[in-house]
Amino acid sequence: MRVHSSFCVLLSLPFLFASPVLAQSSTNPYDAVDPLIGTAGGGNTFPGATLPFGMVQWSPDTNTDAWYKYDEKQLYGFSLTHISGAGCPLYGDFAVFPTLDALTTSPGIKFTPMAFDRRDEEAHPGYYAVTLNNGVRVQLTVAERAGIAMFTFPQGSNMRMLINAGSSANSIPSPNERPRDLEAFGNHIEIKPDGSFSGWTSAGRFCGSDSHYKLYVVGKFSMPFKSIALWQDDAILTNAKTAEGKHTGAWVGFDGSDSARSDVELKIGISFVSEAGARANLEKEIPGLDFEHVHQQARDKWSALLNRVAVEGGEDDQRKIFYTGVYHSFLSPTLFSDEDGQYTGFDNKVHSVAGTKQKAQYANFSDWDIYRNTVQWQALFEPDRESDMMQSLVNDAEQSGWLPRWPAANDVTYVMGGDSPAALLSSSYAFGAQNFDTEKALEQMVKAGTQPGDGPHHNSERPFLAEYLKAGYTPVEKDHIAASRTLEYASDDFAIAQFAKAIGSDDAYQQFLKRSENWKTLVDPETHWIRPRNADGSWIAGFDPERSTPKRYQGAGEGSDQMGFEEGNTYQYSFMIPFDYPALFAAMGGEQVVEPRLDHFFAGLRCWGKPCFNIENEPDFVTPYAYVFLGKPWKTQEVVTRIGKETFKPTTDGIPGNDDLGATSGVYVWNALGFYPAVPGVGGVVVGTPMFDRATLQLAGGRTVVVTRDGEGIYVQQVMLNGVPYPNSWLPISKIHPGTNQLRFKMGTQPNTQRGAAPEDRPPAFR
């Protein structure tokens, strides 16, 4: 998903031919992770406390969009829920905030933020701490559905807290929003003198969609309240114990007469089902008030997962970027069911996974992004959990009638083109997550690909499906992202075909494999590029691949999208079909035409609206590996090395563009290991070039993969698999067996132009 910018970075190549300086050392994975990476420059990650795929993400917010922007200097609170790296705001529910001040005006109208000292900021997996300018030290840590905070006030100061039930993102209308757009927004809070509170918030509208959710919260402080005041929109309620409105909350004070006591602890549980569910989650996961115990448990859980990916060698910065990328890859999707298995479904009814093979329900699938490389990674390491995630999508479809496209909580947002849930299901299965209802999954995939119809909010899983079925493409005069949508549909059809084949449905396999050739309907015989077409079959006028014209929007500038393409242009989308690269290369005029096109394309690595590669957007992620399919893997080795060196950094702005729930981080992680899951729905990886001297991956099923590199340079001279020469540039997952698997790369400072050049050594044909 796009972070708005329009620039192109041109890179030179001399450094590629120098030998990298490698430190012969390893790093503790937990200590190497820096959750602050990606919190500036459009990465949109959050630095707060969460567990792998946890329901709670307790994190600071520097604005009312529930985002943490490193270049912003004030905090609006510490809210309980977030998503990592998305291009639009969401969640940010029930923020709490320590204060020394009395309540004089309602924060429901204007919330006054507090400056903070970055020198005292600390972030680790499962833990966050900072000191505010009022002297209060804040520490946060979490369980899966609950969290605990420690607020240390200055000795002798007033100890007060704000509980903002109306902090949710998108709850403040923009100038172009209508009042009815926010009708579903509201919140409620109830305060009890014993130091406890409860409430709910209803919010949503991710990326301007009609999506909504309702979250319930239960909290308990370590001491009773001495004073209480509530607010309800613009009014302060001094004698009330409950408040309900668009923006409500509570101001509470504690007895600070004991000068030796300055710590206030708060534990909070959440649920998307009920207040009782939030309370049960809290009592089960954090029964006491032991901050350090919860913190240690969080550290142990993260360490156990991160330690399954151990790298040695490389530079300190490379290991820091790598391990932070691994961390980001294990944040989403997130738990949605309670401890007892209950969850609110897409039909707004309460369901339960209790008594089924599914252990938990999950939500928040950035499908258009994470089908490229994220679900494959998760399936290799956590296939049982990934299977539950895929079953969650099937459950959503059973409840709503359709597989949800970019679901948030228990609603569908329809963000981005394509039918990407199909690619998620197929790729997860191909990489080992197979314990879900595959027959129902295929039934829903086939329905979405063959039956035009509306789902929730009168939108479609596959818009313009009737036109696509009739002509093989969607017409640009009706659909302004027609070309990119057609390519996505073709890719989705291929993924469905592979899934159908894997579970033994030959009819569906043949039907959708044939449909996956629909990309060919948009190959322009004049320019040999993917070009949008009109309903009558004519080609869009004014088409110029080098200038990315015509533009989607009249009067748009140089860096804007080309008509017919979503967040891109024909250069950036034409290579997005790796499942059919040999046919694509032939349609473009042959390999002798494609190679210089790719060389020209990779002159830049961060481009919007120009004919060059864009690491900031998902359709380009696979394109460096197109050289492998050409029989020129050494050029892939050059490009992925440049991407790692020039577009990722160990800094707050170190992720190029939105991280999109781990998808952009996934590019670095996979490339650094020396392979990439290039083809959706197919269980295999294209061989690249490893960054580290040694990487040990402890996969599920008792499988260990040890990747080693011998020699200097970035160019692969030879690959050995378990001691046997492996000349092919495609490695099926089926070759990774239980026990230890050795993948050894012999490296050099000059390209080996023979390795991977022969047709039999290239990735196979997939049709």
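**Strand pairing and aromatic contacts**

Q: How many bridges join strand 30 to strand 33?
A: Strand 30 (residues 715-721) and strand 33 (residues 739-748) run antiparallel, where a strand is a DSSP run of E of at least two residues, numbered from the N terminus, and two strands pair if DSSP finds at least two bridges between them. The model is predicted, so that local features need pLDDT of at least 70 and side-chain atom pairs count only at pLDDT 80 or more, while totals for chains, interfaces and linings use all residues. Residues are numbered from 1 along each chain as its sequence is written, and side-chain values use heavy atoms, leaving out hydrogens and water. The number of bridges joining strand 30 to strand 33 is 6.

Q: Which residue in strand 33 is the bridge partner of Leu-721?
A: Strand 33 covers residues 739-748 and runs antiparallel to strand 30. Within strand 33, Leu-721 has as its bridge partner Leu-743.

Q: Which are the edge strands of the open sheet?
A: The sheet has 6 strands, in the order 19-28-29-33-30-31, and its pairing is mixed. Two of its strands pair on one side only, and these edge strands are strand 19 (309-312) and strand 31 (724-725).

Q: Which residue takes a positive phi in the hairpin of strand 6 and strand 7?
A: Strand 6 and strand 7 (residues 127-132) run antiparallel and are joined by 5 bridges, and in strand 7 the bridge partner of Asp-117 is Thr-131. The hairpin has 2 residues between the strands, and the positive phi, near 85 degrees, belongs to Gly-126.

Q: Which residue in strand 6 is the bridge partner of Leu-75?
A: Strand 3 (residues 74-75) pairs in the antiparallel sense with strand 6 (residues 114-124), over 2 bridges. The partner of Leu-75 in strand 6 is Met-114.

Q: What kind of pair do the rings of Phe-322 and Tyr-323 make?
A: The structure holds 40 aromatic pairs, for which ring centres of Phe, Tyr or Trp (its six-membered ring) lie within 6.5 Å, with planes under 30 degrees apart counted as stacked, over 60 as edge-to-face and the rest as tilted. Since the centres of Phe-322 and Tyr-323 are 5.4 Å apart and their planes stand at 75 degrees, the pair is edge-to-face.

Q: How far is the charged end of Arg-462 from the centre of the ring of Tyr-489?
A: A charge sits over a ring if NZ of Lys or CZ of Arg is within 6 Å of the ring centre and within 35 degrees of the ring normal. Arg-372 lies over the face of Trp-368, at 4.7 Å from the ring centre. For Arg-462, whose charged end sits over the ring of Tyr-489, the distance from the centre is 4.9 Å.

Definitions and conventions. Helices (H or I, at least four residues) and strands (E, at least two) are DSSP runs, numbered from the N terminus.
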